[in-house]
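Please keep the sequence and the structure in view while reading.

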Amino acid sequence: MDMRLIYLCIYVAEGITAWSCFSGMFRRRCTLLVSVAAYAAGYGTAFLTFNIADTWISGLAFALINFTLLCGCYTCPWKAGIFHAGMLTCLSTGLEFIIVLILGAVPGDYDLYQSSTPVLTILAVCGLSVQSKSQPAVPFTANGEAEEGG
């Protein structure tokens, strides 16, 4: 149960990271309440998919959920949605691989994060600290162009 709770916190943090990133790039097209409900449903689905599916299916679900959130909640062209959902998925996956490799090289067990709550907590904290700095510096308009004065 401890591990699932930590994974739930990781998914909540990834949802907040996506919210921050997407809100910094595109204008929201629905109300705040609808956006929060969409993110909760999307990342809840991603968490459930993670618990019952293979890693590749979870990664694909993560990308599709982010694409759906982008195109549904923001004024985002579908091509930009594919790009940004893919980039966020690659960034999250790459970051997890790097941290797992580092944690695996130090204690010598690459699967330690799956069975050790302290190691998973370290993974979560490292991942969240890096992801929290991934918000774009320049806000973009709906068509992907930089806003004036940004």
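## The chain as a whole

In this predicted model, 36% of the 150 residues of the protein chain count as buried. The chain holds 6 helices and 0 strands, and its pattern, read along the sequence, is α-α-α-α-α-α. Among the contacts between residues at least 6 apart in sequence, 65% join residues at least 24 apart.

Helix 2 takes in residues 32-52, a run of 21 residues. From its first C-alpha to its last it reaches 30 Å, which is close to the 30 Å expected at 1.5 Å a residue. The buried residues in helix 2 are Ser35, Tyr39, Gly42, Tyr43, Ala46, Phe47 and Thr49. Seen down the helix axis, these buried residues of helix 2 fall within an arc of 160 degrees, so they line one face of the helix. An α-helix has 3.6 residues a turn, so residues three or four places apart point the same way.

On the face of helix 2 that is turned away from the buried side, the exposed residues are Leu33, Ala40, Leu48 and Ile52.

## Asn66, a buried polar residue

Asn66 has its place in helix 3, which covers residues 55-73. Is this residue buried or exposed? Asn66 is buried, because its relative accessible area is 0%, and buried means under 20%. The side chain of Asn66 is joined to that of Tyr43 by a polar contact of 2.6 Å, and Tyr43 is itself among the buried residues of helix 2.

When neighbours within four places in sequence are left aside, Asn66 is in contact with Ala18, Phe22, Tyr43, Ala85, Leu88 and Thr89.

## The second largest pocket

The second largest pocket holds about 190 Å³ of space. Its lining is made up of Leu8, Tyr11, Val12, Gly15, Ile16, Trp19, Val36, Tyr39, Ala40, Tyr43, Gly44 and Phe47. Helix 1, residues 2-25, and helix 2 each supply at least two residues of this lining.

Arg4 lies in helix 1 and is exposed, with a relative accessible area of 53%. Arg4 and Phe47 are 43 residues apart in sequence, yet their C-alpha atoms are 9.3 Å apart in space. Once neighbours within four places in sequence are left aside, the residues in contact with Arg4 are Phe47 and Asn51.

Arg27 is found in the loop between helix 1 and helix 2, where it is partly exposed at a relative accessible area of 49%. Which separation in space goes with the 49 residues that lie between Arg27 and Cys76 in sequence numbering? From C-alpha to C-alpha, Arg27 and Cys76 are 8.0 Å apart.

## Gly86 in helix 4

Gly86 lies in helix 4, which spans residues 78-105. Gly86 counts as partly exposed, because its relative accessibility is 25%. The C-alpha atom of Gly86 is separated by 9.4 Å from that of Leu60, although the two residues are 26 residues apart along the chain.

Definitions and conventions: Residues are numbered from 1 along each chain as its sequence is written. This is a predicted model: local features need pLDDT of at least 70, side-chain atom pairs count only at pLDDT 80 or more; totals for chains, interfaces and linings use all residues. Side-chain values use heavy atoms; hydrogens and water are left out. Helices (H or I, at least four residues) and strands (E, at least two) are DSSP runs, numbered from the N terminus. The expected span of a helix is 1.5 Å times one less than its number of residues. Buried means under 20% relative accessible area, exposed over 50%, partly exposed in between (1.4 Å probe, protein chains only). The arc is that of the directions from the helix axis to the C-beta atoms. A polar contact is a pair of N or O atoms within 3.5 Å; within protein, one must be able to donate a hydrogen and the other to accept it, and residues adjacent in sequence count only if both atoms are side-chain atoms. Contact means heavy atoms within 4.5 Å. On a 1 Å grid over the protein atoms alone, a cavity is a set of points where a 1.4 Å probe fits but cannot get out, and a pocket is an open set with protein on both sides within 12 Å along at least five of seven lines; lining residues have an atom within 4 Å of a point. Grid points are joined across faces, edges and corners, and a volume is the space filled by probe spheres set on the points.
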